[in-house]
Amino acid sequence: VPAVRSLIAGNWKMNGLKAASSELDAILEGAAQLSSGVDLLVCPPATLIAAFADRLAAHANSALPVAIGAQDCHTNAAGAHTGDISAEMLADAGARTIIVGHSERRADHAETDAIVRTKAQAVWRAGLVAIVCVGETQGERNAGHTLDVVAGQLAGSLPDGATAANLVVAYEPVWAIGTGMTPTAADVEEVHGFIRQTLTQRFNGEGERMRLLYGGSVKPSNASELMAVPHVNGALVGGASLKASDFLAIAAGC
Ligand code: PEP
């Protein structure tokens, strides 16, 4: 099994005003203390990306393993799309990575696998890394359809040309997001093993090295158990990423 650097990504969702830059400062201070095998990504709301990227760039320690990311992008580079933001604009603001296909985007904005795939291509067009999210609902899990659902999302949402450098896959069971519920380590191992096999079949050696994140109610108390599961290369963290101390404690657990 090739060694893969861990990634702990924080998805702030629609939370954070300018005053939250003090949380970023605390993350930057704590990041210097982390083991060298882990990268951090902070995805604040789009309104804060430029300020956060500037703050990171101005930090005295320029070698910090921290990057700023975004939570979504439009498929086009520019044009008549009121209220939307393109991957190129996010790159220009200082984002290095963009999450696409989060279950909240899929549910609240009716994003299909085809739209998510086109967004991932838009991320690459802008020269950034795409984090593509997949995961089953509670009903799908209860019906025993988890692997079928994840297989369909991977086939439909991942563009051809994915590499270990341009793509990260996040497995986020919808029923575990923001609920405090998590799958067992054995359930996570089953799904991550299946995702690894699927990616390796389609993308060969690149698929073996792509980072696979688990997401859904990760917190300091459960992070080390979840991060120790085979083929889990980090976490996508929602609620617990809003507090620097929790986010850093999760990163320290990998
Ligand atoms: C998420 O929405 O990506 C997520 C994992 O949320 P939480 O950690 O709050 O469950």
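**View 1. Asp39 of strand 2 is the bridge partner of Leu7.** The model is predicted. Strand 1 (residues 6-11) pairs with strand 2 in the parallel sense, over six bridges. From strand 1 the chain passes through helix 1 (residues 21-31) to reach strand 2. This β-α-β crossover is right-handed.

**View 2. Strand 2 (residues 38-43) is mostly covered.** Six of its six residues are buried. Val38, Leu40 and Val42 point one way from the strand. Asp39, Leu41 and Cys43 point the other way, and these too are buried. In a regular strand, side chains alternate between the two faces of the sheet.

**View 3. Strand 2 and strand 3 (residues 66-70) run parallel, joined by three bridges.** Within strand 3, Ile68 is the bridge partner of Val42.

**View 4. Two bridges join strand 3 to strand 4 (residues 97-100).** The two strands run parallel. Gly69 has Thr97 of strand 4 as its bridge partner. Strands of a sheet pair through backbone hydrogen bonds, either parallel or antiparallel.

Key. Residues numbered from 1 in each chain as written. Predicted model: local features only at pLDDT ≥ 70, side-chain atom pairs only at ≥ 80, totals over all residues. Buried ≥ 20, exposed ≤ 12 C-beta atoms within 10 Å, placed from the backbone. Helix = DSSP H or I, 4+ residues; strand = E, 2+ residues; numbered from the N terminus. Pairing = 2+ DSSP bridges. Right-handed = clockwise from strand over helix to strand, strands pointing away.
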